[in-house]
Amino acid sequence: MSVFGAQDYRDHEQVAFVSEPESGLKAIIAIHNTRRGPALGGCRFWKYPNEDAAIADALRLSRGMTYKSALARLPLGGGKCVVLGSAAEVKTEALLRALGRALERLGGHYVTAEDIGVKPSDLRIVREETAHVAGLPETSGDPSPVTALGVFYGLRAAVRHRLGLDSLEGLTVAVQGLGAVGRSLADQIAAAGGKLIVADIREDAVQKAVQELGAEAVHVDAIYDTLAEVFAPCALGAILNDETIPRLQSSVIAGSANNQLAEGRHGIVLRQQKMLYAPDYAINAGGIINIAHEDRAAGTYDKAGALEVVGRIDDTLAEIFTRADATDTPTSVIADAMAEERLYED
Ligand SMILES: NC(=O)c1ccc[n+]([C@@H]2O[C@H](COP(=O)([O-])OP(=O)(O)OC[C@H]3O[C@@H](n4cnc5c(N)ncnc54)[C@H](O)[C@@H]3O)[C@@H](O)[C@H]2O)c1
């Protein structure tokens, strides 16, 4: 295949193809940009249909990390590691050690973290071979509560902008997904006086929210049709698409899920439908902000510093919304433009 001409290859600084026959390791480490700092991004295990798909995923995800960290003004660049093969089939201690040695050879230009198929116990093994590992339980730990706090701030900023309200009191928020982030967000919405409509494929999580937060439960597919001021997608990617957008009854879309727009053009459709979309990587940056406040050399974590920067998600979103209105441009396009500006600011 052509690499430099590949659709997702846009100014990547370095792409490493790593293999180690003894452990069976085959990985691609894409470093998109290190202008603001070391390229940080999770490591995922995935059984790709072919190598081209793995390369495309690594290139696309690493670029996304550059944008997310730059928009949050973090001293980090963007990178991603994909290991070819499902975790259940290929992940062994020998393979994780080989991966750690490969990261060590990159000299800290790429720093890895959790993603699909990687657990804290796996990262601890990688950490024995290299210091370039972030997000271990003993340092910044589970980022989900901090991500949820950032989403809450962003959701409030969107409500303020679209509905002119400073409070969530009496507003209804439809939350899709009550996992680590969605449930924590639901707790904050309830505490702020908001009403909840919830859906999850896990019936136990739904029942807990009904009992503990007074939420109304709906079927997983019915969440797109519920009457609510805010729709908060906290489960799946690509849920803003041709099928779902016409069904949505909310004027604000603000949730944690990654890659919410099925295609870039859906950002335009949302604007045409007068739905205010809080761009996913702007509103869900709490997790990466949390990791950025680790001192990997000292093994410490500055929680107060992380929370202060998470508070700025409100300002970032307010600026995105204002600029989108001033230029009649989708918020997703403005977020990309602002990330590019912040990438090159001093
Ligand atoms: N955890 C973080 O810090 C973080 C940071 C940035 C982005 N995100 C993104 O936010 C989203 C949620 O992350 P999380 O850590 O809470 O994950 P999680 O796995 O803890 O929760 C996801 C929840 O969604 C539910 N779900 C799955 N399919 C569903 C469906 N069809 N309808 C309704 N619910 C469904 C699952 O049962 C689960 O309860 C993901 O898209 C993730 O990539 C998370």
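Ile 28 stands opposite Val 82 in strand E4. That is my way in. A word on the basis before I go on. This is a predicted model: local features need pLDDT of at least 70, side-chain atom pairs count only at pLDDT 80 or more, and totals for chains, interfaces and linings use all residues. Numbering starts from 1 along each chain, as its sequence is written.

Some terms. Helices (H or I, at least four residues) and strands (E, at least two) are DSSP runs, numbered from the N terminus. Two strands pair if DSSP finds at least two bridges between them.

Back to E4. Six bridges join E2 to E4, and these two run antiparallel. Six bridges also join E3 to E4, but here the strands run parallel. Cys 43 has Cys 81 in E4 as its bridge partner. E4 is mostly covered, with seven of its eight residues buried. Buried means 20 or more other C-beta atoms within 10 Å of the residue's own; exposed means 12 or fewer; partly exposed is in between; C-beta atoms are placed from the backbone.

Which strands does it hold, and in what order? Five strands form an open sheet, ordered E1-E2-E4-E3-E5, with mixed pairing. At the edges are strand E1 (14–20) and strand E5 (110–113), each pairing on one side only. Neighbouring strands of this sheet are turned by 25° against each other on average, direction ignored. For angles, axes are lines fitted to C-alpha atoms, for helices over the stretch in contact, and angles run from 0 to 180 degrees between N-to-C directions.

Ala 39 has Tyr 110 in E5 as its bridge partner. Helix H3 (residues 93–105) lies across E1, strand E2 (25–33), strand E4 (77–84) and E5. H3 runs at about 35° to E2.

Six strands form an open sheet in the order E8-E7-E6-E9-E10-E11, and the pairing is parallel. Strand E8 (216–217) and strand E11 (276–277) stand at the edges; each has a single partner strand, so one side of each is left without a neighbour in the sheet.

Take E9 (residues 230–233). Both faces are covered. Val 230 and Ala 232 are buried on one side, Phe 231 and Pro 233 on the other. Strand E6 (residues 172–176) pairs with E9 in the parallel sense over four bridges. Gln 176 stands opposite Pro 233 in E9. E9 also pairs with strand E10 (residues 252–253), parallel, over two bridges. There, Val 230 stands opposite Val 252 in E10.

Strand E7 (residues 195–199) and E8 pair in the parallel sense over two bridges. Ile 197 stands opposite Glu 216 in E8. Helix H7 (residues 203–213) packs on the sheet, touching E7 and E8, and its direction makes about 165° with that of E7. Contact means C-beta atoms, placed from the backbone, within 7 Å.

Why is Glu 216 classed as partly exposed? Because 15 other C-beta atoms lie within 10 Å of Glu 216. Not counting residues up to four places away in sequence, Glu 216 touches Leu 196 and Ile 197.

Next, the ligand. Of the 24 residues around the ligand, Thr 147, Gly 177, Gly 179, Ala 235 and Gly 287 come nearest. A residue is near if its C-beta atom, placed from the backbone, lies within 6 Å of the molecule or strand in question. Helix H5 (144–163) and helix H6 (180–191) each supply at least two residues of this shell. H6 gives the most, with three residues. By class, the shell has twelve nonpolar, ten polar and two charged residues. Here Ala, Val, Leu, Ile, Met, Phe, Trp, Tyr, Cys and Pro count as nonpolar; Asp, Glu, Lys and Arg as charged; and the others, Gly among them, as polar.

Last, a helix pair. The axes of helix H12 (residues 313–327) and helix H13 (residues 331–344) come within 9 Å and cross at roughly 115°. Residues that meet include Ile 320 and Phe 321 in H12, and Ile 334 and Met 338 in H13. That contact has six nonpolar, one polar and two charged residues.

How values were computed. Two residues are in contact if their C-beta atoms, placed from the backbone, lie within 7 Å.
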